[in-house]
Amino acid sequence: MKPNASVTWAGDLRHGKGSVTTGSGTLSLSQYLERGDGERKGANPYELFAAAHAACFSMTLADELADAGFSPDRINTTATVIIEQLPVGWTITAIQLDVLAEVPRAEQGDFIRATVKAKTNCTISRLLKINIAMSAKLDDSENRGTESPERSTHSLKVSETKKQNIGRSL
């Protein structure tokens, strides 16, 4: 498997813009910018990276749940990229994954095991040498469809720090 994407950038960093096209054609000359400034429209590379990580993690979690005998109704994952100014320049130093899933028949322990395995086995997570923190919540499938305040959710917070030396004084 060799997925690909191509990019064309025009202009300087602050005022320029780019277009990205994926090999699948899902993104075709989609506009992206250095970072959002509220005035110009377009994604930035950090949002695209966050989207890729959230998608990869969600698919990996679905696979881990299937391996455990469960079929999720829904997995919502938000990946937040943390970028810091380091001596070597702006650097992605961490990612926060926030997961909310509806998984019929799954107990809290089943869900926790699957989310930890997914965090470890996600292809993009394995690529990164940064802190990947995670918060995961399992909706109580018995109460699905109700809006009562008593609706039960089970949650997990995990943070894993991997050794890194990317311009920081250790």
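From the N terminus on, the elements of the chain follow the order β-β-β-α-β-β-α-α-β-β, a total of 3 helices and 7 strands, where helices (H or I, at least four residues) and strands (E, at least two) are DSSP runs numbered from the N terminus. The model is a predicted one, in which local features need pLDDT of at least 70 and side-chain atom pairs count only at pLDDT 80 or more, whereas totals for chains, interfaces and linings use all residues. Residues are numbered from 1 along each chain as its sequence is written, and side-chain values use heavy atoms, with hydrogens and water left out. Of the 170 residues in the chain, 34% are buried, that is, under 20% relative accessible area, with exposed meaning over 50% and partly exposed in between (1.4 Å probe, protein chains only).

An open sheet is formed by 3 strands in the order 1-2-3 with antiparallel pairing, two strands being paired if DSSP finds at least two bridges between them. Strand 1 and strand 3 (30–32) stand at the edges, and because each has a single partner strand, one side of each is left without a neighbour in the sheet. From one strand to the next, the twist averages 30 degrees, with axes taken as lines fitted to C-alpha atoms and angles running from 0 to 180 degrees between N-to-C directions.

Strand 1 is joined to the antiparallel strand 2 by 6 bridges. Along this pairing, Ser-6 lies opposite Thr-21, Val-7 opposite Val-20 and Ala-10 opposite Lys-17. The two strands form a hairpin with 6 residues between them, and Gly-11 in the turn has a positive phi of about 100 degrees. Strand 2 is in turn joined to strand 3 by 3 bridges, again antiparallel, and here Val-20 has Ser-30 as its bridge partner in strand 3.

The largest pocket holds about 700 Å³ of space. A pocket is here an open set of points on a 1 Å grid over the protein atoms alone, where a 1.4 Å probe fits, with protein on both sides within 12 Å along at least five of seven lines, and lining residues have an atom within 4 Å of a point; the volume is the space filled by probe spheres set on the points, which are joined across faces, edges and corners. The lining comprises 21 residues, of which Pro-3, Thr-22, Leu-48, Ala-52 and Ile-124 are the closest to the centre of the pocket. Strand 1 (5–10), strand 2 (17–22), helix 1 (45–67) and helix 3 (123–127) each supply at least two residues of this lining, and helix 1 gives the most, with 8 residues. By class, 16 lining residues are nonpolar, 5 are polar and none is charged (nonpolar: Ala, Val, Leu, Ile, Met, Phe, Trp, Tyr, Cys and Pro; charged: Asp, Glu, Lys and Arg; polar: the others, Gly among them).

Glu-102 belongs to strand 5 (residues 89–102) and is buried, with a relative accessible area of 12%. The side chain of Glu-102 makes a polar contact with the side chain of Arg-74 at 2.7 Å, a polar contact being a pair of N or O atoms within 3.5 Å, of which, within protein, one must be able to donate a hydrogen and the other to accept it, while residues adjacent in sequence count only if both atoms are side-chain atoms.
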